[in-house]
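User: Please go through the contacts in this model with me, question by question.

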Amino acid sequence: MHLKNYLPLKIRPEIDEELLKNAEEIRLRAGWPLEIIFADRRCVRFSVLSEADIRETFGFLCGYSPYAMEEEIGRGYFTIEGGHRVGVSGRAGLRQSGISDIGALNIRIAHEKKGCAKEIIPFIRCGTLLKNTFIFSPPGVGKTTFLRDAVRLLSTGDEKNPGVKVGVVDERSEIAACRFGIPQNDLGPRTDVLDNCPKPEGMMMLLRSMSPQIIAVDELGGNEDIKAVELCTKSGVAVLGTIHAGTVLEARQKLSLSIAEETLQFIEIIRQSDGTRRIRIYDKNNGSPFYNSGERRRDFLLA
Amino acid sequence: MIKIMGALFITAGSAGAISCWLEAEKKRQSLIEEWIKLFVRWEYALKCRKRVYDFFESYDTDFIRIKAFLIEVCRRLRSNTYPSGKAAWNQLLNENRSELIPNSECYEIIAQSAEAFFGGSSEECLNNIRVCRERMEQCLKEMREKLAGKKRIYIPAGMLGGAVLIILLI
């Protein structure tokens with residue numbers, strides 16, 4: 001379904017579908033204009049929204065089935081078809097059923113940008129060696145987009161290297177955007193996806209059942225996640241994950257993995273003021289990158 | 001000979017009318033049973049956190065009219081042009097009232113069931129669907145009791161009426 005069809009009925013005639021193709025976020029707040037935000041932080045405003053508009057949009061977004069999203073809404077967000085993440089805020093009643101009166105919605109548009117991770121693949125797969133790689137950046141910079149494309153490229157392979165078996169634990173259906181268990185995004189021919197499954201359990205399930213060479217997970221952070229990552233790496237399976245962090249030190253601290261430094265690397269994604277992305281890759285524990293992409297990555301900008 | 005033929009026709013006519021009436025009553029009952037079945041399966045689907053679209057689309061029933069109704073509800077909901085699911089449900093229910101609903105009491109229950117399909121929380125939906133199912137079951141029970149009572153009167157009365165007509169004509 002096109003994103004425009006999720007927006008309030010009164011706003012739809014004002015919005016051009018082409019405009020949404022280039023957008024990164026759509027923000028809806030009761031009493032304020034609808035905002036569409038782009039990669040270069042440009043913002044376009046539309047009519048002021050009422051509470052009824054927010055309720056109506058919420059109905060569209062959750063397929064008129066808010067009960068089905070109760071758990072996710074309790075965590076503050078849910079994922080819709082296409083892997084777009086919808087953040088929710090309003091009156092929180094955490095002990096009952098998450099957020100009851102919704103005052104604002106933020107739709108973070110998932111982008112399938114094929115080829116954006118091409119640059120990092122040689123660092124993840126060095127001949128037959130697969131390195132444990134963790135992509136980090138603050139929220140909204142493009143970790144999941146990078147991860148998705150890296151999975152696709154690793155799974156597909158190229159002229160020199162055959163594809164590898166990749167297992168994806170997609171806890172929030174953002175990587176693969178599965179529908180009835182079938183990925184809607186292109187993740188390559190050798191990718192098995194465990195949709196809507198908690199990361200620690202999912203990683204163990206994939207490890208035991210699908211014999212992956214790489215396990216990909218989004219947004220690592222909890223202690224259980226770290227334990228599962230360690231178990232995977234000690235079982236001969238490489239991990240490709242993302243993590244919210246501002247610096248490599250923060251990322252290292254968050255993960256605090258007890259695995260060999262030689263098999264570990266961190267990739268930082270940096271957003272430039274014009275919306276382009278740069279990459280820095282760190283391996284040794286010294287806080288300085290051994291690779292710094294010189295050119296600005298325009299493939300993140302859809303123009 | 002003509003008198004015998006006439007008598008046979010009248011007997012067959014009376015039996016046919018009674019059987020038609022019984023058949024119509026049974027259809028109404030099975031329609032209610034089908035709605036109860038839908039409510040029971042929805043209770044289970046709610047526990048599995050199934051979305052209303054997915055449930056309606058995958059719902060399997062021999063009642064073509066109910067299946068068509070559910071598919072149409074899905075189609076309208078997917079167009080995202082209704083302010084609420086309840087509005088789409090009730091609009092379509094009104095359009096198909098004669099085909100889908102046996103009586104006014106059932107209409108009220110089925111219209112109310114929108115709260116169970118499109119409620120805000122699973123607890124609210126579960127409570128609503130249970131109430132709807134119980135009311136529907138009560139409705140079916142009363143209908144069966146009424147039918148049994150009517151059968152006791154209508155069948156002998158019909159046959160007797162036919163016999164009287166035969167005697168009168170002969």
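User: How much area do chain B and chain A bury between them?

Analyst: This is a predicted model, in which local features need pLDDT of at least 70, side-chain atom pairs count only at pLDDT 80 or more, and totals for chains, interfaces and linings use all residues. Residues are numbered from 1 along each chain as its sequence is written, chains are lettered from A in the order in which they are written, and side-chain values use heavy atoms, with hydrogens and water left out. Taking buried area as the accessible area (1.4 Å probe) that two parts lose on being put together, summed over both, 50% of it lies on carbon and sulfur atoms, and the total is about 1,700 Å².

User: Which residues in chain B lose the most area to chain A?

Analyst: Three residues together account for 38% of what the chain B side buries. They are Arg49(B), Arg51(B) and Asn80(B).

User: How many salt bridges does the rule find across the interface of chain B and chain A?

Analyst: A salt bridge is a side-chain nitrogen of Lys or Arg within 4 Å of a carboxyl oxygen of Asp or Glu. One pair that meets this rule is Glu81(A) with Arg78(B), whose closest N and O atoms are 3.8 Å apart. Across the interface, the count is three.

User: Arg85(A) and Glu174(A) meet in a salt bridge; how many residues apart in sequence are the parts that the pair ties together?

Analyst: The N to O distance of this pair is 2.6 Å. Arg85(A) lies in strand S5, a DSSP run (E, at least two residues), and Glu174(A) in the loop between strand S10 and strand S11 of chain A, so the parts tied together are 89 residues apart.

Notes. Helices (H or I, at least four residues) and strands (E, at least two) are DSSP runs, numbered from the N terminus.
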